[in-house]
Amino acid sequence: TPKRLSEAIVRSLGYIRITATDLAAWKAYAVDLMGLQIARENDNVLEFRMDEKEYRLAITKGETDGVSALGWEVGGPDELAVLTDRLTAAGYAVTPFTKDELRARRISGGVRFRDPDGVLEIELFYALRESFTAFVSPTGARFVTGELGLGHVFQFVDDWEAYRHLYFDILGFRLSDFVDGGANQDVELTFLHCNPRHHSYAFGHIDGVAPRIGHLMFEVTGLDVVGRAWDQVLLKNAAPIVQTLGMHTNDKMISFYAQSPGGFAVEYGTGGVVIDDESWTPTRYPGAHYWGHQRNRPTN
């Protein structure tokens, strides 16, 4: 309907694409620590499941390490067309996927464009294909996904205003809250939601920090799963600890952060709050943690 098109927005974080120099390291990290299920594996590609979708995380062999694309889900072809028009009017060079690219992503339609800092591709898509078989985690994990998407992303940005305009004004995200970070609480972190998950995207600018993905977040349904994974990094050195087990102020998530083979962190947690837009009021916090989440600083 015209009303629906006028409200065309991103619905969820649908998939993440990563380039990696070491697929074997990613396999051990994603399967043994995070509890993801291998969906496809060959010499050049690793894909992982966390729910009924055929994949949520796609890792491609490359010469560099890092997140190469964020796949944001929209409601269908009409909404995609409206968002594409908004992006084009704002000066973004938007490229439709070829048939081969659609087939590789197992989506029905989509476009891509570079983010404002030129760090990665932003991909808008609809209808990610589901699997005939049930998701089975090798660690017994069950992930909080569905309409909430696969999790969230935090990004360090250079051009703060460009990201504000892109995610709020063009893609239709709504404000969740703010957190004052840094040693002197002089860094403003902005948290945005596009569905009931407290935030699917967050960003902030810090002088001297290059634009990049800071962390990804995967949420599981039980504290025991988080605890067993925490034991793996704490007692068995399964991955470098970035931040210890703790509880966030804004989304109330109990989580820890472990460095991935890609150099960025993955937050692994449970218990995140959900938002009802009819009653939600954004607020501001003087820090990100009620307790824990101590940063692991090398002694050297």
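**E15–E16 turn.** I started at the hairpin formed by E15 and E16, which has 5 residues between its strands. In that turn I found glycine 263 with a positive phi of about 95°. The model is predicted. I then looked up the pairing: E15 and E16 (residues 265–270) run antiparallel and are joined by 6 bridges. For glutamine 259 I noted alanine 265 in E16 as the bridge partner.

Next I stepped back to strand E14 (residues 241–248), which runs antiparallel to E15 (residues 254–259). I read 4 bridges between E14 and E15. Glycine 246 sits opposite serine 255 of E15. This pair of strands is also a hairpin, with 5 residues between them. Which residue in the turn has a positive phi? I found lysine 252, at about 65°.

**Helix H2.** I moved to H2, residues 23–33. Its buried residues include Leu23, Trp26, Ala30 and Leu33. I checked the N-terminal end and found aspartate 22 as the cap. A side-chain oxygen of aspartate 22 lies 3.1 Å from the backbone nitrogen of alanine 24. Just after the helix, I noted glycine 35 with a positive phi of about 80°.

**Alanine 162.** Last, I looked up alanine 162 in helix H5 (residues 160–170). Is alanine 162 buried or exposed? Its relative accessible area is 19%. The cut-off for buried is under 20%, so alanine 162 counts as buried. Leaving out residues up to four places away in sequence, I found that alanine 162 touches Tyr92 and Pro116. Proline 116 is 46 residues from alanine 162 in sequence, but their C-alpha atoms are 6.3 Å apart.

Note on methods: Residues are numbered from 1 along each chain as its sequence is written. This is a predicted model: local features need pLDDT of at least 70, side-chain atom pairs count only at pLDDT 80 or more; totals for chains, interfaces and linings use all residues. Side-chain values use heavy atoms; hydrogens and water are left out. Two strands pair if DSSP finds at least two bridges between them. Helices (H or I, at least four residues) and strands (E, at least two) are DSSP runs, numbered from the N terminus. Buried means under 20% relative accessible area, exposed over 50%, partly exposed in between (1.4 Å probe, protein chains only). A polar contact is a pair of N or O atoms within 3.5 Å; within protein, one must be able to donate a hydrogen and the other to accept it, and residues adjacent in sequence count only if both atoms are side-chain atoms. Contact means heavy atoms within 4.5 Å.
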